[in-house]
Amino acid sequence: MTWHAVRWQVSAVLFGVLSAATPVLAQLPPNISYDGRPILARVRFPVVGQPEACLNPDGLGDGGWSHDYPMSVQGLMKAATNVTSLEAPVDSFMTVMSVTDPMFMQYPIAMVTEPGCWNPTEVEITALRTYLEKGGFLLLDDLQFSDGTPMHQELAIARTEQWMKQVVP
């Protein structure tokens, strides 16, 4: 094997290692402006590193928050508008933001997917508490990790309970 071939193999391995170690954040369309109608805001958060299932969801690829994105919100909002008198915009599934975003308080419904993959900061805890105290509705979805193992399900529930006790003491 020539030095040139070895150099390309080493470069390819290093690229693979560095790519795996540096998660790529999904590029999302702009959020829908709040216009008075109920819009569900999908909460985007930095994920914990363990278990690995938090890092490999079947969504956009940058953490548990994106599990089943955008299909789960599309389906939820479509069902809500079909079986109730709720008049929500069809494309409200595209609204994704952090709980610390100044616009977050304008969205009456928020969804946290795979909440066991999130370890909220004190600032995020305070923002969620304020959101709920002002009448916001928080939907917690998929209280497990993407691998679905029973052990990880128990861990996901315990983690969620831990941070929710801080949000609503």
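Buried means under 20% relative accessible area, exposed over 50%, and partly exposed in between (1.4 Å probe, protein chains only). Helices (H or I, at least four residues) and strands (E, at least two) are DSSP runs, numbered from the N terminus.

This is a predicted model, in which local features need pLDDT of at least 70, side-chain atom pairs count only at pLDDT 80 or more, and totals for chains, interfaces and linings use all residues. Residues are numbered from 1 along each chain as its sequence is written, and side-chain values use heavy atoms, with hydrogens and water left out.

## Exercise 1

Task: list the elements of the chain in order and state what share of its residues is buried.

Solution. 
- Step 1. Count the elements: the chain has four helices and four strands.
- Step 2. Read them from the N terminus on, which gives α-β-α-β-β-α-β-α.
- Step 3. Of the 169 residues in the chain, 35% are buried.

## Exercise 2

Task: find the order of the strands in the sheet and say which strands stand at its edges.

Solution. 
- Step 1. Two strands pair if DSSP finds at least two bridges between them.
- Step 2. Strand 1 (residues 40-43) and strand 2 pair in the parallel sense over two bridges. Here Arg42 stands opposite Val96 in strand 2.
- Step 3. Strand 1 also runs parallel to strand 3, joined by three bridges. The bridge partner of Ala41 in strand 3 is Ala110.
- Step 4. Strand 3 and strand 4 are parallel as well, with five bridges between them. Val112 has Leu140 as its bridge partner in strand 4.
- Step 5. Put together, the four strands form an open sheet in the order 2-1-3-4, with parallel pairing. Strand 2 (96-97) and strand 4 are at the edges with a single partner strand each, so one side of each is left without a neighbour in the sheet.

## Exercise 3

Solution. 
- Step 1. Five of the five residues of strand 3 are buried.
- Step 2. Thr113 counts as buried because its relative accessibility is 0%.
- Step 3. The side chains of Thr113 and Arg42 are joined by a polar contact of 3.1 Å. A polar contact is a pair of N or O atoms within 3.5 Å; within protein, one must be able to donate a hydrogen and the other to accept it, and residues adjacent in sequence count only if both atoms are side-chain atoms.
- Step 4. Glu114 is buried, with a relative accessible area of 0%.
- Step 5. Most residues other than glycine have a negative phi. Glu114 is not a glycine, yet its phi is positive, about 50°.

## Exercise 4

Task: determine which residues of helix 3 are buried and what they pack against.

Solution. 
- Step 1. The buried residues of helix 3 are Glu124, Ile125, Ala127, Leu128 and Tyr131. They cover an arc of only 165° around the axis, which puts them on the same side of helix 3. The arc is that of the directions from the helix axis to the C-beta atoms.
- Step 2. The face turned away from this buried side carries the exposed residues Glu122, Val123 and Glu133.
- Step 3. The buried residues of helix 3 pack against strand 3, strand 4 and helix 4, where contact means heavy atoms within 4.5 Å.

## Exercise 5

Task: compare the span of helix 4 with the expected value, then sort its residues by exposure.

Solution. 
- Step 1. Helix 4 (residues 150-167) has 18 residues. The expected span of a helix is 1.5 Å times one less than its number of residues.
- Step 2. From first to last C-alpha, helix 4 reaches 26 Å, close to the 26 Å expected.
- Step 3. His152, Ala156, Arg159, Thr160, Trp163 and Val167 are its buried residues. Their arc around the axis is only 95°, which puts them on the same side of helix 4.
- Step 4. On the other side of helix 4, Pro150, Met151, Glu154, Gln162 and Lys165 are exposed.
- Step 5. The buried residues of helix 4 pack against helix 3 (122-133) and strand 4 (137-141).
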